[in-house]
Amino acid sequence: MKNRVSLILAFVFGLATLQAQQFVKMGGQATDIAINPKDGKVFVVSNKNIFTNYNTISKRWSTFSTRTNKANSVSVTRDGAVYMVSTAGEVFIEVNRRWIKVPGIKTAELIASKDGRIYAIDFSKKLRQLYRGQWNQLIGQNRISNGLNQVIGIGPKELYARASNNAFTRFSGGKWSTQQGYPLKIALDHANGNMYAVGQNRGIYKWNKQTKRWDMLPGNRSDFKDVAVHNDAIWAIATDKSIYRYKPRTVHSNYFEKVSGTATDVTISAGNGKVYTVSGKNIYTDYDTRAKRWKAFGPKSNDTKRIAIGPNNTMYRISTANQVGQLVGSRWNWMSSFSFDIATDSRSNPWVAMKSGGDIQSYRSVRWMRPLSKVIINVSRIAPLNDYEAWVIMKDNTIQRYKNGRWQRMPGKAIDIAIDIRSEEVYIVNMVNAVAKWNNSNNRWDVLSGSRADAKNVAANFRKVWITTTKNEIYYYKN
């Protein structure tokens, strides 16, 4: 029996590890990356030279072959041949520690297909294939308007590409067809034919062959510019040239866990920690983890847009017509205000960003009033703590903080903001749809470890963080 329990526990922990992934930063910096399809060895371009054989202990890379001081990109064929494209767009192949020029083309990147063919896109955005020392233009594959930005594929009869506008396209049956998405970079896993991409939000995505859509990897980042894959081992380069590898997390690491249902807004009570969502323009709560269902809350309205709930558990909402309502018993009472956003402070007072002018108002006793000594306008999102401290997002997405009787412009920009009334921690959804937390000591926003790159709304209380995404999915932060 003991062995059986141990096996069950091992399976559960193993499953949790597989479900929770993360990008781990490696040593060094790079501007391009490729993986040898033959043995999975990783190659990078750094300081215009090519490196490989990453040492996980010293966190250093070894120089590959001889230094050229002019490398721009690197590619490796299925036979292990290493090609380099120089900063001048010239192609070279490495032979016995020498770089031999392959004349006849100027390109930014060489492409090695799964079947061993060598392709390149010339500076006129035309696709060419290297055959017997000649770069031959492929007539059928070049029948696409405005040319190509990048190509990957199995062979000449089945190719995938980024068109000149980054539209993801497929060449099959002698013609191109537009697929879903506008990736910034695409990569083919030669070991299994899977495809990966850097999305517009700079997260990493995997192509779903069944749904024919890009699925974002869990535990993503939002600052990638390149990706390379072998046997689903994913390596990526960030915009600051840092190198990352995608690998399983430990069970206790942080990441966003998906829950069932869809929602367009989310809030958390500072009174009891309950989570409330807006779905189908109605309010739901009491998520059942077994049944994976939410329970309807309050009277159906069919027109709810934003919600807020105070520590005393009084619910407020903004309708699709921007009217503010308070739940009293089983009815919504309108509060003679038209607003963009609503939130509650530590004393359960409702605050709104007024539709007219973006002024901040708070309802006290029987009327709306300005709660702060300094007026601010053009506010789109609010996160009040009390009458002495409040955070807002302006209509231009800049962030302002009210404290010590004055407004101060804070670093960064955001599309949503929330304050944990219990801990006084502040969270935002930044402009690349990642969730970040205010670091008061360093005066900056720190992206949450294991954050996603598609967040839209954020809520926080009791150090619990929930989000809705651009696809209206619901996630909570496991920490």
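**Exercise 1. The largest cavity**

Task: In this predicted model, how much space lies in the largest cavity, and which residues lie closest to its centre?

Solution. 
- Start with the volume. The largest cavity holds about 370 Å³ of space.
- Next, take the lining. It has 26 residues, and Ala34, Ala112, Ala187, Leu188 and His190 are the closest to the centre.
- Assign the lining to strands. At least two residues each come from E2 (32-35), E6 (71-76), E10 (107-112), E14 (148-155), E18 (185-188) and E22 (224-230).
- Find the top contributor. E22 gives the most, five residues.
- Finish with residue classes. The lining of the largest cavity has 17 nonpolar, four polar and five charged residues.

**Exercise 2. The second largest cavity**

Solution. 
- The volume of the second largest cavity is about 280 Å³.
- Its lining counts 24 residues; Thr267, Ile342, Ala343, Ile417 and Ala418 are the closest to its centre.

**Exercise 3. The largest pocket**

Task: Which element gives the most residues to the lining of the largest pocket?

Solution. 
- The largest pocket has a volume of about 490 Å³.
- Its lining consists of 24 residues, with Tyr205, Trp214, Asp215, Met216 and Lys471 nearest the centre.
- Two or more residues come from strand E21 (213-216) and from E46.
- E21 gives the most, with four.
- The classes are ten nonpolar, seven polar and seven charged.

**Exercise 4. The pairings of E46**

Task: Which strands pair with E46, and over how many bridges?

Solution. 
- Take E25 (residues 255-262). It pairs with E46 (residues 473-478) in the antiparallel sense, over six bridges. Thr262 stands opposite Glu473.
- Now take E45 (residues 464-469). Three bridges join E45 to E46, again antiparallel. Here Trp466 has Tyr476 as its bridge partner.
- Inspect the connection. E45 and E46 form a hairpin with three residues between them. In the turn, Asn472 has a positive phi of about 65 degrees.

**Exercise 5. The second largest pocket**

Task: How do the lining residues of the second largest pocket divide by class?

Solution. 
- The space in this pocket is about 310 Å³.
- It is lined by 20 residues; Asn72, Ala108, Glu109, Asn149 and Lys185 lie nearest its centre.
- E6, E10, E11 (118-122), E14 and E22 each give two or more residues.
- The division is six nonpolar, six polar and eight charged.

Methods:
Residues are numbered from 1 along each chain as its sequence is written. This is a predicted model: local features need pLDDT of at least 70, side-chain atom pairs count only at pLDDT 80 or more; totals for chains, interfaces and linings use all residues. Side-chain values use heavy atoms; hydrogens and water are left out. Two strands pair if DSSP finds at least two bridges between them. On a 1 Å grid over the protein atoms alone, a cavity is a set of points where a 1.4 Å probe fits but cannot get out, and a pocket is an open set with protein on both sides within 12 Å along at least five of seven lines; lining residues have an atom within 4 Å of a point. Grid points are joined across faces, edges and corners, and a volume is the space filled by probe spheres set on the points. Ala, Val, Leu, Ile, Met, Phe, Trp, Tyr, Cys and Pro count as nonpolar, Asp, Glu, Lys and Arg as charged, and the others, Gly among them, as polar.
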